[in-house]
Structure formats: C-alpha cells, structure tokens
2 protein chains.
Amino acid sequence: MRSTGLRLSIGDDCALLQVKPGEEIAVTTDLSIAGRHFRLDWHPPEAVGHRTLARGLSDLAAMGAHPVAAFLSLGLPRELTKQRGRRLSWIDRFFEGFLALAERHKTPLAGGDLAESPVAVADILLVGAVPRGKALLRSGAQEGDLLYVTGALGGSAAGLDCLRKVSARNSKHVDRRSTNDEDPLTPHLWPEPRIQQGLWLQRRGRATAAIDLSDGLSTDLGHICMESGVGAEIDEASLPVFGNASRKQALHGGEDYELLFAARPVTRIPKRIDGISVTQIGRVIKARSGQARVVLLTKAGPQPLSRGGWEHFA
Amino acid sequence: MRSTGLRLSIGDDCALLQVKPGEEIAVTTDLSIAGRHFRLDWHPPEAVGHRTLARGLSDLAAMGAHPVAAFLSLGLPRELTKQRGRRLSWIDRFFEGFLALAERHKTPLAGGDLAESPVAVADILLVGAVPRGKALLRSGAQEGDLLYVTGALGGSAAGLDCLRKVSARNSKHVDRRSTNDEDPLTPHLWPEPRIQQGLWLQRRGRATAAIDLSDGLSTDLGHICMESGVGAEIDEASLPVFGNASRKQALHGGEDYELLFAARPVTRIPKRIDGISVTQIGRVIKARSGQARVVLLTKAGPQPLSRGGWEHFA
C-alpha cells in the first residue's frame, strides 16, 4: 500500500486519508449548477460528470499536486435518478463520465452526499498532496519571467458556440462521448486536466507561478499579475488558438483548463510536456501604476487587455 | 504557528493545509438544500449557517478528529445576496451564524464557491486531523460493550414540530439567535457538535465505536451494529429524553448531533465530559440471524427497534 492515499472510505462518518511525511494537502471545491455551468438539454450526462471532476482536478494541476481523493455532493431532481425503460438513468451516465476520468487520474471517489433537489447541482471537492513548500502558487511571478500555456486556447468557448447552434437547430442533445480529438466539441465536453504537466513543473521546480485557465486567459493572467504584483505582455501572434476558435475566444473564453505558467528566462521549458504542447506567449513586466496590468502586443501596436468576463450562460 | 493548520487560503487555485507527522486526515461532506434540509420561511438565516457547519463538525466529532478547515459551496437565488434597506442580507446573516460556530471551534473557512442558483443549496466540507490509527470508527463495537450517548435526545425533532406549529400560526419566521438553553427550539436551531467529547474519547482510547446522531438513534445505532457485525439492546427507561420531546422523537428523531458510542464494560466513562452529560443507554449483544439487530427493552418486554426513517421534511 502506498503511504499516500485513502485508508477509509464511504461507510463511516468521515473518509480517512494519509499523505506522506513532508507533504501538504491541497483542497479545492467547485459548485456546478444546471442552467449555469451546464445545461441538461445541451450536455450529455457523461460530459457533465467528466466536466465536474475536471474542474477540480484542474485546480490540483495548477498547484502541481497529485490527486488523493474526490468527494462529490449531488442534488438531483428525482427523474434524473430513474431509468427510463432500458436506457441508463441520467445519474448512471453522469457517473460513467465521472468515473472514467477519475480512473485515468487514479482518483478514488471517497465520499459525498446525495439529496433530492428541484435543480441539478454537483459540488466537487478534490484533495491532493504536494511536497511542503513546493506547490505552484499564483504569487511567484517576477519581472522578466516568460509566460507559457499548455495546449490550445479557445476550444471550449468555440465548442459551446457550436452546442448553442446545434441545439437551436435540433432539440435532441449531443449524444454520448465523442472519441475524436478533432471534434470541435471535444475541448468543451471533455477537457483534460493537466495533472501530469503540473506535476512535471512542480517536481523540477521550473515554474515561478501557475494557474489553470478556467475563466479565460485575460482573467486568469490578471489573477497571476495581481497576486504576484506584476504586469504582463502577450504576443498576439504567438497564441496557440484551437482549430475553429476565434482570437477573442482564445483570449477570453473560459473552461479550457490548460495551464498558464511563468518561468525564469534561463529555465529550459520543452516544446511538449508528457505529449502536450507548450507555447511561450509573452513575458512578465513591471506593474506600472495607472496602466493596464496586461498588454496585448498586436501588429497595430500594444493594446490593454482587460478581463473578458467569462460568465458561462449568464 | 501550529504545525497543524491552514497555510494558504482563499486566493489561489487550492487551499494548502498541513497536519502533524503521524496524523491522518478526516474528510466529510454534507449537502443542505432549501425545502429539504431547511426552510427559508421557518429557519432564521443564522440558524441555517450554524446548522450547515454543525452537520460537518459533528462528523469530525464522531471520528474523534479536531477540525483543520472548512470549505463551503453556496448556490443562492440572487435576492438572498441583497440587502433590503438597512437590513442585512440573507447571506450576511447566514455567515453570521456560520462564522460564530466556526470561531468557537477554531475552524477557519479556507475556501469554497459561490454561484447563483434557483434554489438555495449549501454544501459543507470539513477537513480534520486525528492521530493515525486512533480515529473512532463505526466498526469496533464488541459483544458486551456498553452503549452511551451524550446530552439529551429528541430535542431537534421536538423543536421542528414547534417550528411547524408556529409557522402555521404566524407567517413571520422565528427571528435571530435564541440565547436561552431552555428554549425548546435551541436543539433544532443551534445544535452543538460534540467536538470536545469526541476528542476526549479518542485521546484516552475509551470508545470502541462511535457515530453522531444525525439520522436518529434507531438508524444510527443500526449503522454501528451493521459495521461492527453485532446487535444491541436499549433500555427504554434509561433514555435521556430532551425536555418537551416524546419517547418516539428520542428514539427516531434526527439532527440531535449527540454522540453515540460503545465502550468495554471495564472502561470508566464519567457522568459528564467537558460539561455535557453522558448516559449509559444499553449494551452490545451478539447479532442473531433472523432477529432484529436492535432491541428496545420496555416495561412490557423486549421489542424490535426498526429504523425510524428520519426524512427531514420529505
């Protein structure tokens, strides 16, 4: 048995977890509500389960933590818990998506709660572990650092646009899991938390700051700048824009769950980490009072990049 | 700074917690939904905040764990987040109740999530710590053990009945925190998690099994019997029934949040632990196939005690 892990699970008052001596515990929680974070008529239940867990795992990735256990609280209208004829119930399909991702990231579901609710809600809590003092924080970026992102940006927002159009044409929602990485819906429905990439950065001490892109590059880079007390420049031409996504979606679209991180200019960052591309997109500069924290360098010259205000379906 | 505690809180991707070497981590989560676990027209917002946290703390108490941090996810209709004139908003009053209890139990609120929701939901997650291998489990009760409860039983169910009657007479809900321990609503609105009593039992190794009474004595004693593979006898005459509560409420009413525990017959258990009464109510017996796990010894003779099926407002 590993010394990190789940010692006691569902069936007592609490789950009991152990971490290795010298590790600290990372905890994150994310609430998803039908109509706001997902739509029962747009998102296949498997994707809702996948996305619920992916949100939490992505927060661990951004800290460079490895997952120890997940806890899930579900509030559901009664009809979502019932089979209809020979078809699986919504909740069964939700768990299919949830548990497939959990298995890939060796994350046991250690507890949770289930209650009847007039609106579907899912609250995910992830517990992870990271060597003491080694977590990737938002607050360590320094002037002169280079900025990097994993993967491609804007794919989730573009996929959501697609879903909106499909559902306007067709009342039946997209069915089951797409297995095609080129599918324009994949980044939105099946985002892949960058756990391995976060661990790689943490173990080698290569990043000075990191965050996951849940609210969009413009907003999340703003968080790093704020917490680190710095500014940033982004080279528009260098942005890795996902297939069919627009420049605006890449800058402001949320839920890509890629990692954004800073590293000293002398630090070697490879072109790929564990199979995922890494792109240098800009640099950390001094914060200047009275000026935008984040500047976008375009062909037409520098422009202030304000937060895009990703708001799900609001 | 204590070596157990909160190292990094709200403002990064995860909270970071540390426990002492040799401690393991206890985690529990409880979902509360308006109309099911509380009613906006019956429960003062401070009591909803208090009860939300008390549910989680009580699970830690039942494990003999001390609290390290709380995480709260709130989904609320927009109007509950707004002040009306000079009156505090619902959410402000919720936090007043929540934070007062958190402070008494030295439990920092380390993170969480807030989202708009058509129905009010609160998911509480508690992280605690307990020396490795010392947690009070449901599974350790042995034949011959004596059974004990803290405090008095049935008060929460009796209080809920009161609320139901008051609200039938009066459309305005009960206002603000009652400060009177004799108030019949106190056990329901302001249950006190038995953290100190759980710690006392754990540190001295006096209990073989423990659980908190959230679903009612008949149901929760059934959990101990099931997990320990034993049966139990309760002496009806010995039950510590709360002031105005009925025998039925004491046996089956939920949400008292007292501790039920088993101890070897040779173990000394005091009459009070940290100011709270402790009452011996029965004993652990051999499980007999084909017979009820839990038996109530009454003047009229033994009766099978089946689970009361506490169902909140269902």
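Residue B:A47 is found in helix α1 (residues 45-63) of chain B, where helices (H or I, at least four residues) and strands (E, at least two) are DSSP runs numbered from the N terminus. The model is predicted, so that local features need pLDDT of at least 70 and side-chain atom pairs count only at pLDDT 80 or more, whereas totals for chains, interfaces and linings use all residues. Residues are numbered from 1 along each chain as its sequence is written, chains are lettered from A in the order in which they are written, and side-chain values use heavy atoms, with hydrogens and water left out.

With a relative accessibility of 0%, B:A47 counts as buried (under 20% relative accessible area, with exposed over 50% and partly exposed in between; 1.4 Å probe, protein chains only). The C-alpha atoms of B:A47 and B:W190 lie 6.3 Å apart, although 143 residues separate the two in sequence.

Helix α5 (residues 195-204) of chain B is largely enclosed by the rest of the structure, because seven of its ten residues are buried. Among the buried residues of α5(B) are B:L199, B:W200 and B:L201. B:G205, which follows α5(B), has a positive phi, near 60°.

Chains A and B each contribute 55 residues to their contact. About 4100 Å² is buried between chain A and chain B, 58% of it on carbon and sulfur atoms; this buried area is the accessible area (1.4 Å probe) that two parts lose on being put together, summed over both. A:D13, A:I25 and A:V27 supply 16% of the area that chain A buries against chain B, more than any other three residues.

Eight salt bridges are found across the interface of chain A and chain B, each defined as a side-chain nitrogen of Lys or Arg within 4 Å of a carboxyl oxygen of Asp or Glu. In one salt bridge, the side chains of B:R55 and A:D113 meet at 3.7 Å, N to O. Several elements of chain A, including β3 (23-33), α1 (45-63) and β5 (109-116), each supply at least two residues of the side that touches chain B. Of the elements, β3(A) gives the most to this side, with nine residues.

Strand pairing was also found: β2(A) and strand β3 (residues 23-33) of chain B pair in the antiparallel sense over three bridges, pairing requiring at least two DSSP bridges between strands. A:L16 stands opposite B:A26 in β3(B).

Definitions and conventions
Contact means heavy atoms within 4.5 Å.
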